[in-house]
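Hello,

Here is the structure I promised to pass on to you. Please have a look at it first, and then read my notes below.

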Amino acid sequence: MEARSLSVLLLLLAAAATPAPRDGEPRSCEAVRKVFQLRQLGSFRGVPEFPRAGVDLQVCTSKNPTCCTKKMEERYQTAAKQDIQQVLQTSSATLKFLISRNAAAFQETFEMLIKLAENYTSTLFCNAYRNMAAEAATRVQEFFTDIALYIFGTDISTKECVNRFFDNLFPVVYNHMINPGLTDVTLEYAECLQMVRRDIRPFGDIPEKVIRQMGRSLLPSRNFLQALNLGIEVINTTDHLHFSKDCSRALLRMQYCPHCQGLILSKPCMGYCLNVIRGCLAYVAEVDLHWQGYIQSLEELSSAMHGTYDVEHVLLNFHSLVNDALMQARVNGPELTEQVNKVCGPPVRKPTQSPHCSFDRNKYSQGLKMFSRDVEETLASRRKAFYGGLADQLCGNELAAADDIPCWNGEDVVKSYTHHVVGSGIKAQAGNPEVRVKGTDPVINQIIDKLKHIIQLLRGKSFPKYDNWDLRQTGSGGSVDEQISGVCDDEDGCGGSGSGEVKRVLKITDSGIPDKTNLSDIKQIHQTLNANTLHTTGAGCTTKLDYMTLMLISLVMLFLSLW
């Protein structure tokens, strides 16, 4: 590609250095022929050897003889539209890459976070409640699958996900903890237990607490990822515009009509270029105000996710709330048995027993990736008018001639462009001397509507303001080791209640953020149950909870700082 561009440049310089013909001697179209062929617009045989009368031309008309034919003009018009689309795509390539890369990284991090939370919960069952672990594993896996689907955009309810988890878990808990037997209850009896769970409330207010925490913490993350994907959609749409007939003719006149007069090196005047490009991009410029609001909303939400929307704590603390729910069911066992018997009758059991724990302790032994951060640009600088200033960027960097250099004004090479230069946007095009702009673009209108909608989501218009719900962050910036014990104070931020509550003992070292988190590290859980201490060691669980918090925040800020 570079060699081809160099050959075109050398050819153009050679053509420019060709001596002018003597009076009475016709000009040659040789340079035009070669450029036409090198640009792969067609065979040079279709280009006249010498200038001719251009009576059949529709756009590149001239009183002077021309090196163009009607067929060449059609090829030039196609090339002009392709050129401007390529310039548009080049101008947005870095921005599109940043959004795409970070959307993928954001999703990958959440997938790992969800796997880690699932691993915590499965380890709890496998070690502390081994007799029900095999049956609970399926319920745990289904729950976190639903959570992942929700974060990644599926139209499901977190409330229903949580309720379904506890509905499905209750028959397992009843069968093995509240009213244990030699074999499991039948499917029909289990369905009855599922139906009465919400009425008899065996887990107390824990399901409601989980619903509140999950709904409020997951929604900002879901919206953030949805917003990143919409950003990609906006750029893809504006990169592949459908140009109007009048715009296409103006692009042809600006970029290739000089070739018809042998002026293969001339560039359009700056004012002329601005009028043409602003006319062609008038609809796109209307996106700018909403795009700036979109960027600002991403900034605001990222700051909120840094503090209030503690999704890492909610997911990685889920297992402790499940443990609280099980403990409460055990304490209220006799009362629950009486309530169940009134509705479902005494347990009806199967002839066989379910298998015991078969949890794969090495399932999530891979490490987590860290994301580097290069703060050379801030989001504030990227918030400047990208679409509103797009014409200025294209003309200034790519298309127009430099100041004080003779330039093409659409008819001839002149010292300067003398027509009025219009502003950006549809309304400003009323006085555009180069391009007529009519009405609106339905595709752009649809993009604007989507941006308005996502801005409302990012600014929290669709979900309630967040109050205090017993989530507190502890520590930052270091290597964090977590230990869980059977003592819990209100200041610990453990989020549990009753016996078996969880206390986070955080040890901050000076080693800085670790290079990776090994999910095969040992997690020590000390729980007080019936005056006996259960030491539950779960291989495959990470002890660096706050490291996940730091990593997710770092990822969000990476996207915003590089933008």
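Predicted model: local features only at pLDDT ≥ 70, side-chain atom pairs only at ≥ 80, totals over all residues.

The protein chain is built with 19 helices and 6 strands. Of its 563 residues, 52% are buried. If you take the contacts between residues at least 6 apart in sequence, 81% of them join residues at least 24 apart.

Now for the helix pair. Helix 3 (residues 70-128) packs with helix 14 (residues 318-331) at an angle of about 35°, and their axes lie 8 Å apart. Their crossing is right-handed. On the helix 3 side, Tyr120, Thr121, Leu124 and Phe125 take part, and they meet Phe318, His319, Val322, Asn323 and Leu326 of helix 14. Sorted by class, this contact has 6 nonpolar and 3 polar residues, with no charged ones.

The residue I would like to show you is Arg459. You will find Arg459 in the loop between helix 18 (442-458) and strand 3 (480-485). The side chain of Arg459 makes a polar contact of 2.9 Å with the side chain of Ser297. Leu301 is 158 residues from Arg459 in sequence, yet the two are 6.9 Å apart in space, C-alpha to C-alpha.

Enjoy exploring the structure!

Best wishes

Note on methods
Residues numbered from 1 in each chain as written. Heavy atoms only, no water. Axes fitted to C-alpha atoms, helices over the stretch in contact; angles between N-to-C directions. Helix = DSSP H or I, 4+ residues; strand = E, 2+ residues; numbered from the N terminus. Left-handed = near helix turned anticlockwise from the far one by under 90°. Contact = heavy atoms within 4.5 Å. Nonpolar A, V, L, I, M, F, W, Y, C, P; charged D, E, K, R; others polar. Polar contact = N/O pair within 3.5 Å; in protein donor to acceptor, adjacent residues only side chain to side chain. Buried < 20%, exposed > 50% of the residue type's maximum accessible area, 1.4 Å probe, protein only.
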